[in-house]
Protein chains: 2
Amino acid sequence: MGASIKDVAARAGVSIATVSHVLNGTRPTRQHTRDRVLYAIRELGYAQNQSARNLARGRSTLLGLLVSDVRNPFFPDITAAFQDQALAHDMDALVLNTNYDPQRTLNSVRRLMGLQVPGVAILTSQIDPSVIDMLAERRIAAVYLDLGKVSESISNIMLEYEDGIVKALEYLTQLGHRRIAYIGGPMALKSAQRRKRAFLDMTARLGLEAAQAIDADFTVTGGYFACSKLLSGSMPTAILAGNDLTAIGILHRAYDGGLRVPDDLSVVGFDDIVFAEYTQPALTTVSVPRTEIGKVAFQALWAMMSDPNQAGREFRVGTNLVIRQSAASPIEARYREASQE
Amino acid sequence: MGASIKDVAARAGVSIATVSHVLNGTRPTRQHTRDRVLYAIRELGYAQNQSARNLARGRSTLLGLLVSDVRNPFFPDITAAFQDQALAHDMDALVLNTNYDPQRTLNSVRRLMGLQVPGVAILTSQIDPSVIDMLAERRIAAVYLDLGKVSESISNIMLEYEDGIVKALEYLTQLGHRRIAYIGGPMALKSAQRRKRAFLDMTARLGLEAAQAIDADFTVTGGYFACSKLLSGSMPTAILAGNDLTAIGILHRAYDGGLRVPDDLSVVGFDDIVFAEYTQPALTTVSVPRTEIGKVAFQALWAMMSDPNQAGREFRVGTNLVIRQSAASPIEARYREASQE
DNA sequence: CTCCATCACGTAAACGTTTAAACTGTTTCA
DNA sequence: TGAAACAGTTTAAACGTTTACGTGATGGAG
């Protein structure tokens, strides 16, 4: 039962409207009154009742952020950046887990609508069209990841996976690799599709020998077994993984098979999760700038919210190759091997 | 913009009070009317306006969850579990980052109070007393981690670090280790203090030879350099780390120094972060059941919220040793070594 | 037949804000 | 001097719920 705006008004000897205007800067006030109000606020330890505020304004200061699973090391950076931005604009971010479950996603969006959120960022890989419609109908600003669609109230963040794949392959070929294999994710995921396609396109363009590409499931053990398959055939000198977990699986398989990375086999990951830095050897990988994604997601929403007749936009965020120790020249590797024996 | 309770009432031919009661089950209604109301709700796509609801009830359905940094791999599991519980009770969890900054913590709590949250879980390592007071004054249910204090509206979760240290040391001694060193965290952290103390107490009790314990900073590189120091002296056969990041640093140092883990050196971590499973070799570590912490945190709040004159309680959550590959018997290790040469 | 419970529901007053509109002085200008 | 403009402030009506209280049926007991 804290103090209300009425108490503040009484204490400062002004009307509640004035207090409100002082608080929101919605109308000029004299220095004198402002001081009195501010002083009263301090004295009473008054805190605005957001519920009442939201009700009166018809919108809340909460933003929705839907992710598939906060436990996935991909997301924390995004949510943190999003939150920081939100906070800087005096808003809050409610992050909800969909657990990859469409039903739960739908429920989450319902909840968010009940909370009168002015905008929501849906950063999951799979998006149900009915969710998109629900939000669009109510004119709630929305931003998606790789949705591809942009409209009145819908913005989109396009991740330039292709770019990253190209950089990785150029790097590997410059190192001298010709037999490069790819281990990707499940084709149900758009991101996995695009990465694989980029790999195939690029290897064709670079004229690399019959590049193998096999689909795993974006997990460590998936990468491990996919790598096993690869090693039983004609061995590649380098493997590009569709994500870092897969790459870690490859690292393990190589280790168990007595192959030294990067001497006998180069491995390049994708995502640059926190632990990419701590694998043995440290993983060379394509970094997806997660902090920027979070930032951009907020900015996309903010733009649409602050100017309602501003249409949604397409945002692009690039990817970068971060070079660590898991990839090296295959020639050099053979040289080393020779000199050791 | 959306339909309001009035629209529903009109459509169903009842009063808004009835609609409210149907929605909340706060008083008996006839099957017939209930059906009509529910039907109208479906037709209109009505969603309760939480702001209005919260205002009327004087409390929100939002729960606050303060953590130091969502990027810290320790937290996502906790927040996810907390959220799941909250959702199951028709509440939401607003998780805020304090970034280890007391000022920011204070602001966050202010925000939460403005949102009229009925409860907040503060799961950071450092807690400013003024924050505790603010919450206690307003009778907002609060649960802390290792605060040690319990009162009217304050519950506490006690993590049994000691227990885990004991289990780890018993395991190592059973394997035959006698020279066990410890690399802990900064003494500014209570958790680091308690772990170190437990280590010292227990090694003394077990009568192990002058156990070395040095303080690092809970990071990978911190662990790396601390391990260097250790190796330059009289080498231990096993190192217990204050957290997993430190343990990973040790693993790296051992690798770089040509030591094989666990053959030449056993390493045991603490926390069981996701990646403990994926290190090379997989890390034997003391697991802190994060999911349970999240669950318990919610339940603590729920108990205090649902029965306001129920006092706060002390909850305990234990720790467990999870055995993987980074620790082995030192005798066996020497045997292997001998047979290889 | 009357009275009183009981049941099912409606009425209307909160809850704490925001904000359009009305109301005060002052100042400015013809 | 009077009107007009203006800055600063107040008044009061929303916003969409919850919930204490009131009311009109129905039915059984006396």
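Helices here are DSSP runs of H or I with at least four residues, strands are E runs of at least two, and both are numbered from the N terminus. A residue is near a molecule or strand if its C-beta atom, placed from the backbone, lies within 6 Å of it. What you're looking at is a predicted model, in which local features need pLDDT of at least 70 and side-chain atom pairs count only at pLDDT 80 or more, while totals for chains, interfaces and linings use all residues. Residues are numbered from 1 along each chain as its sequence is written, and chains are lettered from A and ligands numbered from 1 in the order in which they are written.

Let's start with the two protein copies. Turn chain A by 180 degrees, with a shift of 0.0 Å along the axis, and it lands on chain B with an RMSD of 0.1 Å (least squares on the C-alpha atoms of residues with pLDDT of at least 70 in both). That is how a two-fold axis relates its copies. In chain A, A:S51 has the C-alpha nearest the axis, at 2.3 Å.

Now for where they meet. Contact (C-beta atoms, placed from the backbone, within 7 Å) links 35 residues of chain A with 35 residues of chain B. On the chain A side, the elements that each supply at least two residues include helix 5 (75-88), strand 2 (92-97) and helix 11 (244-256).

Finally, look at DNA strand D, which is surrounded by 28 residues, with A:A17 and B:I5 among the closest. Helix 2 (16-24) and helix 4 of both chains each supply at least two residues of this surface, and helix 2 of chain B gives the largest share, six residues.

Note on methods. Two residues are in contact if their C-beta atoms, placed from the backbone, lie within 7 Å.
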